Every structure is written in structure tokens, then in C-alpha cells.
Amino acid sequence: MPELVSHDVADLSLAATGRARIEWAERSMPVLRAIRERFLAEQPLAGQRIAACLHVTTETANLMRTLAAAGAEVTLVASNPLSTQDDTAAALVAEYGISTFAVRAEDNETYYRHIDTALDAQPTITMDDGCDLVNRLLSQRPEQAGSVVAGTEETTTGVIRLRAMERDGALRYPIVAVNDTPTKHLFDNRYGTGQSTLDGIIRSTNVLIAGKTMVVAGFGYCGRGVASRAKGMGAQVVVTEVDPIRALEASMEGYEVLPMAEAAPVGDIFVTVTGNTSVLRREHFEAMRDGAIICNSGHFDVEIDILALEKLSTTRREVRANAEEFELADGRRIVLLAEGRLVNLGAAEGHPAAVMDMSFADQSLAVEWLVANADQLTAKVYDVPTDLDADVARLKLASMGRSIDTLTPEQQHYLASYDIGT
Ligand SMILES: NC(=O)c1ccc[n+]([C@@H]2O[C@H](COP(=O)([O-])OP(=O)(O)OC[C@H]3O[C@@H](n4cnc5c(N)ncnc54)[C@H](O)[C@@H]3O)[C@@H](O)[C@H]2O)c1
């Protein structure tokens, strides 16, 4: 048996299953595959060392294969202790020779030890999903920042943290906010989180969505997706918001809009997707119905105040995989899914591959663009160049067998002029 790359994964005997699932996901990732074929021929990342802190899923595995095909040396660690698919991690090591350090349900200490291992590889590029890798690098190893050329960030919460760093002058190298491209937040956050959040709720409870009242906290990109999918399955959807414009939009979409204090006693299922902290807390648990199901699909496990729920409860026990029941002093029960971590990744498989195809195409092209343009960039948060994102959308449409119109010369002239009136 050839010598394996360095790794820490749960069980290498799962590699064959992982490989089969990675290849299955690849079938729905034609854009990434086309990029991988070009990268293999052109080697745009030759000599780069990439540390990637991403959810270790089959889709991410295909991104890692793309980066490795481009000539980069890649180390992958988890961006959430509960989202790792152990068979995928095993396949990355044993089938594709990609250094991977991720074990599902690893404790906090192991999670950060793995991030440190990725940093030990002296990366020239960082790829993050939630900014834990960059945060660790800048806070614990600032001396290493000088050797990093650039980075990318995948999610809303990570971009918020990076922009705060930029404002404070703490950011040390350029980072592209992949999250902020239309092909990411319009499709991944909305359609991906929408479908996979419902999938996580159903897998962990087998509850019938039709006829239930589902409370969605946060009507951002993710919240819109969750609300529309729940409505499509027959739920009555209540939205809670703090932003008046988004609350108005939810109202015009036909959802009931309530403050959480009023939603708590009427909801059957609660989903938080705000990127904020303590959205569901003591006063809400005290008002909930017996059997209420609560879960989170926002990035960090801070949206539900689990400590407060524990304090109110006399017992906490697992009732199904990824579902724990808390019994309150008065006998009411509240069911928490996936420990309050991302329910779509903890209790289901994350976004479908067809959605990640676009986000990861953006990631790959963003890394290529960063390496090619690094000498002109400074320590700021950059958007993905618009033409690059349009290319991804064009490739996706082509892969779906759809084509669109192009502007005629007359239309181009019309749109560029101001002298033609009534
Ligand atoms: N589950 C996933 O796979 C997945 C995918 C993408 C993003 N995310 C995460 O989901 C979260 C939301 O992302 P987004 O792109 O929808 O962000 P967004 O900024 O578009 O939306 C968040 C919404 O929550 C609202 N909000 C904030 N505090 C609130 C409160 N206390 N009560 C009610 N509403 C409140 C905001 O006004 C905003 O409209 C982030 O943490 C992001 O990183 C998760």
C-alpha cells in the first residue's frame, strides 16, 4: 500500500464508500468539473500551499480535487465539528491523496488542533467558512501572515468578521468574499439552505411539515429559502425579523410577521437563520408548546441559548439521532436538533451538489484570480470580479441546456445613451 499523506480521520476503511459518494456529487457539479479540466492543463496554482477550513462534505471533496489538479498542495480541516462526513474524509486521504484532518463530532480542542495543523503547513492561501482559520492565524501566529498571499471566505458570518477586522486595521492580506457574489448568496444561501434545512429537520424527526406552524427567525437570503420551502410543503410560516424592510418583504410574500415573544407560543418548529446571538432564549422557551422543535441553520451555535434551556430543564436525553429532548420542570418538552449547530449539515448532508457547484466554481476561480493579481491587491475584503461570476452563471446555464438572448447592437446603443426619449 502506498504511503498515505498526513491525516487525522475517523476510519480509513470508509474510503470506498466516500469515493462513491464524491463521484455521485461530481455528476451534479459540471461547472467545477470543467474548471478542473482546465486547471489540470494550465496548472495556475503550481507552488501554492492551500489551507482550507470548510465543511468536509462530498462537494468540498470535489473542490479539493480541483485545487490539487491546479498544482496546489492542499490541507483540509473542518469548519464545524459536526459537519464532517467521515467517509468523505477517509476518501480524501486514501483515494485522492489530500491531507485531511477532520473527525465528525470532534471536541473543541481537537477542532482547533486540526486548524493549527493546517497552519503548520505554512499556507500561502487560506480558504475559510466562518473565519475561524484566519482568526486563529492572525491572533495566534501573526508572524505567519506575511507569507500568506491571499484568502477566500465562503459564508455571511465570516465576511462580517473580516469586514470588522478590515475596519480595525487587523486584516493582514487580501480576502475575496465569495459569499457576496450573486451566484453564492442568491442560490446557495437561498435554494441550498432552504432545501437542506428542511431535509435536516425531516431526517432527524420524520415530522410532517404540512399543517405545522414553522417560525423562521431572520428573513435574509437563507431565511427566504427556508420560509419558501416550508410554505411549499404546506406549513404555515411565521417570520421574525429586526430589519423593517425585510419584515415588510416577508409580509408582502404572504408570511405572518411577529415578534418572537408572540411567535413562541404558536410555533411547532423554530428555525434560526440570523447570524446573530441568543435569538431563541429563556423567555421564549418558557412560552413554547409541549413538543416544540427548535433548530438553527445560521453559522454558529449561538442563535439558541442552550445553556438557558438546560437550566430550565430537569432532563436532557437523545430521542433520535440528532434530536435531544429537554423536559422542563412543568413537564413540557422541547426538542433540540443537531445540538443547535447548523441543522442542514449536522442532521443532513448540507447543500445539494448542484448548488455547491456554483459556490465552489466561484471559490476556484477566485483563488486563481487572487494568485494572478496578488501584487496589485492590499489587505482588504474584495468582491469576486463581476465578469468571473457571470462566467459561472453562463457555464451553469449551458450545463443545464439553457441558453439566453444577447443584446443587439441597437439595444446596446439604446442602453448606453440618454438622448432617445418619448
Ligand atoms: N446553513 C447553511 O448552510 C448556511 C449557508 C449560508 C449561510 N449560512 C449562515 O446563515 C446566517 C444567515 O445568512 P444570510 O445570508 O441569510 O444573512 P442575511 O444577513 O441575509 O440575513 C440575516 C437576517 O437575520 C435578521 N436578524 C438579525 N438578528 C435578528 C434577530 N434577533 N431576530 C430576527 N431576525 C434577525 C437580519 O435582519 C437579516 O435580515 C449566517 O450566519 C450565515 O453564515 C448558513
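Let's start with how H2 and H3 lie against each other. In this predicted model, helix H2 covers residues 30-42 and helix H3 covers residues 58-69. Their axes are 8 Å apart, and the packing angle is about 20°. Angles under 35 degrees count as roughly parallel. So H2 and H3 are roughly parallel to each other. The crossing of H2 past H3 is left-handed.

Which residues of H2 and H3 make the contact? From H2, take Leu32, Ile35, Arg36, Phe39 and Leu40. From H3, take Asn62, Leu63, Arg65, Thr66 and Ala69. Sort the residues of this contact by type, and you get six nonpolar, two polar and two charged.

Now keep H3 in view and bring in another helix. Helix H15 runs over residues 353-373. The axes of H3 and H15 come within 10 Å, and they cross at roughly 30°. Again, the cut-off for roughly parallel is under 35 degrees. H3 is therefore roughly parallel to H15. What is the handedness here, left or right? H3 and H15 cross in a right-handed way, whereas H2 passes H3 in a left-handed crossing.

On the H3 side, the residues that meet H15 are Glu59, Thr60, Leu63 and Thr66. On the H15 side, they are Ala353, Met356, Phe360, Gln363 and Ser364. This contact splits into four nonpolar, four polar and one charged. Look at Leu63 and Thr66 of H3. They are part of the contact with H2, and they also meet H15.

Last stop, the ligand. There are 25 residues around the ligand. Which of them come nearest? Thr155, Thr157, Glu241, Ser297 and Asn344 do.

Here are some distances to look up in the structure. Threonine 155 has a polar side-chain atom 2.8 Å from an oxygen atom of the ligand. For threonine 157, an N or O atom of the side chain is 2.6 Å from a ligand oxygen atom. For asparagine 344, a side-chain N or O atom sits 2.8 Å from an oxygen atom of the ligand.

Technical notes. Residues numbered from 1 in each chain as written. Predicted model: local features only at pLDDT ≥ 70, side-chain atom pairs only at ≥ 80, totals over all residues. Heavy atoms only, no water. Axes fitted to C-alpha atoms, helices over the stretch in contact; angles between N-to-C directions. Helix = DSSP H or I, 4+ residues; strand = E, 2+ residues; numbered from the N terminus. Parallel < 35°, antiparallel > 145°, perpendicular 65-115°, else oblique. Left-handed = near helix turned anticlockwise from the far one by under 90°. Contact = heavy atoms within 4.5 Å. Nonpolar A, V, L, I, M, F, W, Y, C, P; charged D, E, K, R; others polar. Near = heavy atom within 4 Å. Polar contact = N/O pair within 3.5 Å; in protein donor to acceptor, adjacent residues only side chain to side chain.
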